[in-house]
Amino acid sequence: MRFALLEAKVALLAVCRRFHFLPGKTNQEPLKLDPVSQLGWPVGGLWATVQRREGVLEIERRVGVL
């Protein structure tokens with residue numbers, strides 16, 4: 001169980017190193033919570049715009065990751 005959590009954290013870190021996560025254009029401001037949801041999800045969902053970071057691919061090729 002602990003090893004699986006460690007793998008998940010490493011995978012999340014690898015994604016965060018390669019991409020920027022910005023607020024999506026379809027999000028409502030301010031966010032309103034869905035009264036039906038037990039988990040406190042926002043009405044209409046939570047959207048994100050994902051952009052590849054500049055220069056990451058070149059650095060990984062030099063280091064030997066790719």
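Among contacts in the chain (heavy atoms within 4.5 Å) between residues at least 6 apart in sequence, 58% join residues at least 24 apart. The model is predicted: local features need pLDDT of at least 70, side-chain atom pairs count only at pLDDT 80 or more, and totals for chains, interfaces and linings use all residues. Residues are numbered from 1 along each chain as its sequence is written, and side-chain values use heavy atoms, with hydrogens and water left out.

**Fold and confidence**
- The chain holds two helices and two strands, in the order α-β-β-α from the N terminus; helices (H or I, at least four residues) and strands (E, at least two) are DSSP runs, numbered from the N terminus.
- The average pLDDT (the predictor's confidence in each residue, from 0 to 100) is 85 for the chain, and 86% of the residues score at least 70.
- Confidence is highest in H1, at a mean of 93, and lowest in helix H2 (residues 56–63), at 68.

**Surface**
- Of the 66 residues in the chain, 8% are buried, where buried means under 20% relative accessible area, exposed over 50% and partly exposed in between (1.4 Å probe, protein chains only).
- The chain exposes about 6,100 Å², of which carbon and sulfur atoms supply 64%; areas come from the Shrake-Rupley method with a 1.4 Å probe, and for residues only the protein chains shown count as cover.
- A nonpolar surface patch is formed by Phe-3, Leu-6 and Val-10, with about 320 Å² of accessible area together.
- Such patches are made of residues with over 30% relative accessible area and no salt bridge, joining like charges within 9 Å or nonpolar side chains (Val, Leu, Ile, Met, Phe, Trp, Tyr) within 5 Å; a salt bridge is a side-chain nitrogen of Lys or Arg within 4 Å of a carboxyl oxygen of Asp or Glu.
- Phe-3 lies in helix H1 (residues 2–18) and counts as exposed because its relative accessibility is 58%.

**Loop between E1 and E2**
- Pro-30 lies in the loop between strand E1 (19–23) and strand E2 (48–52), and the peptide bond from Glu-29 to Pro-30 is cis, with omega near -10 degrees.
- Asn-27 is found in the loop between E1 and E2 and counts as buried because its relative accessibility is 16%.
- The Asn-27 side chain reaches the backbone nitrogen of Trp-47 at 2.8 Å.
- Leaving aside neighbours within four places in sequence, Asn-27 is in contact with Gly-45, Leu-46 and Trp-47.

Key:
A polar contact is a pair of N or O atoms within 3.5 Å; within protein, one must be able to donate a hydrogen and the other to accept it, and residues adjacent in sequence count only if both atoms are side-chain atoms.
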